[in-house]
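This briefing sets out selected local features of the structure shown below. It is arranged by topic for use alongside the coordinates and the sequence.

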Amino acid sequence: MKRKILMTSLMLASYATIYAQKVVRYDLYVKDTIVNFSGKEKRAIAVNGQIPMPTLEFTEGDTAEIVLHNLLDENTALHWHGVQLPNKEDGVPFLTQMPTPPGAIHTYRFPVKQNGTYWYHSHAGMQEQIGMYGSLVFHKRKNDPTFREGIDDLPTVPVILSEWTDLKPENVQRMLASGSDWFGIKKNAVQSYVEAIDGGHFKTKVTNEWKRMEAMDVSDVYYEKFLINGQNQSQLPEFKPGSRVRLRVSNGGASSYFWLTYGGGKITVVANDGNDVVPVEVDRLIIGVSETYDIVVNIPAENTSYELLATAEDRSGSASLFLGDGVRQLQARLPKLNYFKGMKMMNGMMKMNGDMNDMGMDMSLQQMDMNTVMYPEVQAQPQAAGEHAGHSGHAMGANGPVTLNHAMLKAPHPTTLDSEAPVRELKFTLTGNMNRYVWSMDNRVLSEEDKIPVKKGEILRITLYNNSMMRHPMHLHGFDFRVINGQGAYAPLKNVLDMMPMETNIIEFEANTEGDWFFHCHILYHMMAGMNRVFAVGEYDNPLLHDKEMAYRMLQHESNMWHFMAQNDVATNGNDGMAMVQNARWGVGVEWAVGYNAMHGYEVETHVGRYIGRMQWLMPFVGFDYRYRKMGIDEHEKNMFGQVNKKDSRRQLSVGVLYTLPMLIDFQAEVYHDGIVRLQLMREDIPVTRRLRAGFMVNTDKEYMGELRYIITRNIGIRTHYDSDMGFGVGLSLNY
Amino acid sequence: MKSFIFWMAAGIMLLSTTYAQPKYEATETVLISGNCEMCKKAIETAGTVKHEASVDWNQETGAATLTYNPSKTNTDEILQRIALAGYDNAQYLAPDEAYASLPECCQYNREFKTNTPATHAHTPHHTSQAAATDHSTHQAATDVSQHEKEGQFQAIFNHYFNLKDALVKSDGTLAASSAARFLDALGAVKMDGLTSAEHETWMNGKESIMTVTERIAGTDDIARQRTHFASLSEQVYLLMKASGTAQPVYYQRCPMFNNSKGAHWLSLNQDIQNPYYGAQMLTCGNTVETVK
């Protein structure tokens, strides 16, 4: 035993002499700033005066010391994405540390045990969206046995992708949760009835609404600008013709996937999420939110600069980086998506109860990209190729663009785990619904779940199934996991896995570092909607958290915030509107109608309800109605059941249910404390054209309403309606 | 004092807004490659944005006058749009795809572009592929005669593969004519040449094979053809199992077809070429069995 210790200390000593441990320190000053990416001046956060944050470079074996100076008026914290470190350095406020308050200084210090491309960002609130992201590079040691000649010795550029919205990210989240389709209007992705009919897709649109789906896009948010290293277009002229360049690409966007294509030829993928992979040559790849890819490209000709094009998956915009000096060789733009083809595909994939068809392992690893039905360029390919391809199908395949998928990733060395370690199987179904923008795992948001206890040294083998219509980049803190992808012992190591709709994938890792590790969807707005879990490995005593339970409750609270929305219509015949606060499960709403005279009277209905089920189509509620008016027009005292309803002055408690019927019609059944029953059908926001919405309401009190609304801006519309109580009216519709 | 500065500033702002009214326009002349009247129209359309920029291109000299509002745009943006439409200029080169899709008369001499070994290699790429294809077609033809000796069904199988390829291309007309030829071949099968296993499978499946093939031949609606092709593939698979094949045949499955019930097809190629969705999901599917 003693000898062993001696040997070890000897080895350690020699290690220390060869790689003299070096402390590399960075000071980061986080401060409010004003930026102008879109033509408008907006608030953002800059670190050391720049967006993105400065690139931090270390060599494997160094000790990283990063001092965060919070000069903001709000809390902050920094997370080191993909880095294996002690839990207290992981930078998740309320989970691994308390947030760093305004004016405070916090030092992160950890040994650098990896090499590769990583990145870092704020894990506090939504600061990542407004500037707090940056590249983090761990260099290989010169004599590292895994050093690859022709790759690791190339000139290298850190490239961080991101996006910019002029809206405050908190407001973006609120708009998504309130079902606003403003982003769809901005992106021209409303998929309205008139557009459907024009394109011959009427049946597809009806089926889609019959299945209670609202128009969906491949991404949720409209962005004014897309950025590479903080710029929409930029050039690096220093590269000579004939040379090869390694780009360390991180996707620091809050919610955008990017297609990468290159004007100078093929792209060679050499690493992913910080881990080397066997080089693979492709025409294009998609980089999921928070993934990193190292790619190598050529500078083929003299006097030419070649475009690296990063296109948002929804094709609403792109950013460019030109490599080399001279005239700029453009890369062809990716054409607009064909939404109705995607809608038709979704119709086929979704069952009436809102579940996706589970394809088991038939769909995994991005090999079947459902979205390809929407890509016009892929469909255009075979026709051009078909001319000289004869009837040999093989030539056709060879002519199409080669797209990277996860099955093509192979580790250069075996990545097998300790075969002795106990294995624990877990399964998570990724769930959620677009209509209320609730995102969850196993239909539970973080605020409804405790931490998942894990024994230290256990292997977790996790099966993930995406039963939702959106893709989710699932990120695990503190560990690399193996992705079971048919490469056997050479399964690639990743820390983010893109889960496409309907995919099933298996990941595994050895939980050998103690602490509370976050596991979540890296789309910022999905994370803030509750799509998170925590693995609590071992019994970790975190010196930065004096009350862990209290802190966890704060974390839960932050991912299930209340959202406020309101709408009011000022019309010639009266004033009506509604206001609502809601979170993942509860909704409290008030509707009002105020007439301009006693005959029209006024009416206030209040409801408190809970949304039930994964799709949240059912909401039982309790309510209170108050109404006053002098009988005037539309004198129905009896309802369709013959019950007499004293409309002139009513104070009523009620219970009822709201249920979303096919075609997105809200059915409401309500019983008042005097025994009166009211049944009602209502549909609002029928997308007639890109900006025109229709709606109607009928109920058993023999009341009815029809409306048309034209959306002018995010907050203003013109509305005309006919109402059985109030008659015909035209007015201004304001909404928040 | 402070308020004085404020009023000064306010005054200046007011003045500048009043005097900014007559729109300030910048003009610049640049060279843009192009040949003809059609090029002129394409270049000018691509460059022009209402209230922002306009382009006037001279066919004789190749010089374009860009007139634009510098507070809204710049020459870079204008020239980039023009290059993306297919026209090289001093700042930007058109993507090769964009240049290639110009009408023939517009395919100007690309003087701005420096040719490279890489781009040279790219062009013969197509030709070599075409040659390879010719070769394989040729081989397929010899194969047919070979297989005729080996087994009667081989001819049927080859017609099946032709039909499958037509569906991969989403070409309904071609699929219909392939199916018609397939039908002729089916009629020509001689019972006496069959082994007993072949005979049994043939007798069981013959009728449905012929009906389904007839239906495919009778329409050029690709959706209908594909539905029939799914049941045809099941029958041909059984035949193939009974008779064996000269070369390995891959029995492949598309899990999504027919509302995710899935459907199979047979292919000589291990690479997936999905006949149920064609280009939409060309490489969607997997091989479930290799028939030999």
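This is a predicted model: local features need pLDDT of at least 70, side-chain atom pairs count only at pLDDT 80 or more; totals for chains, interfaces and linings use all residues.

Arg284(A) lies over the face of Trp259(A), at 4.4 Å from the ring centre. Arg174(A) is likewise placed over a ring face, that of Tyr736(A), with a distance of 3.5 Å to the ring centre.

**Aromatic pairs**

- The count of aromatic pairs over all chains comes to 32.
- Phe479(A) and Phe509(A) form a tilted pair, with 5.0 Å from centre to centre and 35° between the planes.
- This pair links distant parts of the chain, since its members are 30 residues apart: Phe479(A) is in the loop between β25 (472–476) and β26 (481–483) of chain A, and Phe509(A) is in strand β29 (residues 504–510) of chain A.
- Phe479(A) is buried because its relative accessible area, 5%, is under 20%.
- Phe509(A) is also buried, at a relative accessible area of 2%.
- The ring centres of Phe564(A) and Tyr736(A) are 6.2 Å apart and their planes meet at 35°, so this pair is tilted.
- Phe564(A) belongs to strand β32 (residues 563–571) of chain A, while Tyr736(A) lies in the segment after β43 (727–735) of chain A, so the pair ties together parts that are 172 residues apart in sequence.
- Phe564(A) is partly exposed, with a relative accessible area of 38%, and Tyr736(A) also counts as partly exposed, at 44% relative accessibility.
- In chain B, one aromatic cluster is formed by Tyr160(B), Phe161(B), Phe229(B), Phe257(B), Trp265(B), Tyr276(B) and Tyr277(B).

**An open sheet in chain A**

- Six strands of chain A make up an open sheet of mixed pairing, in the order β10-β9-β12-β17-β14-β15.
- The edges are β10 (225–228) and β15 (275–282) of chain A; each has a single partner strand, so one side of each is left without a neighbour in the sheet.
- From one strand to the next, the twist averages 25°.
- Strand β14 (residues 267–272) of chain A runs antiparallel to β15(A) and is joined to it by five bridges.
- Val269(A) has Val280(A) as its bridge partner in β15(A).

- Thr700(A) sits in the loop between β40 (692–699) and β41 (704–711) of chain A.
- Thr700(A) is buried because its relative accessible area, 8%, is under 20%.
- A polar atom of the Thr700(A) side chain lies 2.9 Å from the backbone nitrogen of Leu679(A).
- Leaving aside residues up to four places away in sequence, Thr700(A) touches Asn639(A), Met640(A), Phe641(A), Val677(A), Arg678(A) and Leu679(A).

**Backbone features in loops**

- Ile51(A) and Pro52(A) are joined by a cis peptide bond, with omega at about -5°.
- Pro52(A) is located in the loop between β2 (42–47) and β3 (53–59) of chain A.
- Met663(A), although not a glycine, has a positive phi of about 70°, and its place is the loop between β37 (649–661) and β38 (665–672) of chain A.
- Ser170(B), also not a glycine, has a positive phi of about 55°.
- Ser170(B) lies in the loop between α6 (153–168) and α7 (172–187) of chain B, and is partly exposed, with a relative accessible area of 35%.

Notes. Residues are numbered from 1 along each chain as its sequence is written. Chains are lettered from A and ligands numbered from 1 in the order in which they are written. Side-chain values use heavy atoms; hydrogens and water are left out. Helices (H or I, at least four residues) and strands (E, at least two) are DSSP runs, numbered from the N terminus. Buried means under 20% relative accessible area, exposed over 50%, partly exposed in between (1.4 Å probe, protein chains only). A polar contact is a pair of N or O atoms within 3.5 Å; within protein, one must be able to donate a hydrogen and the other to accept it, and residues adjacent in sequence count only if both atoms are side-chain atoms. Contact means heavy atoms within 4.5 Å. Rings of Phe, Tyr and Trp (its six-membered ring) pair if their centres lie within 6.5 Å; planes under 30 degrees apart count as stacked, over 60 as edge-to-face and the rest as tilted. A charge sits over a ring if NZ of Lys or CZ of Arg is within 6 Å of the ring centre and within 35 degrees of the ring normal. Two strands pair if DSSP finds at least two bridges between them. Axes are lines fitted to C-alpha atoms, for helices over the stretch in contact, and angles run from 0 to 180 degrees between N-to-C directions.
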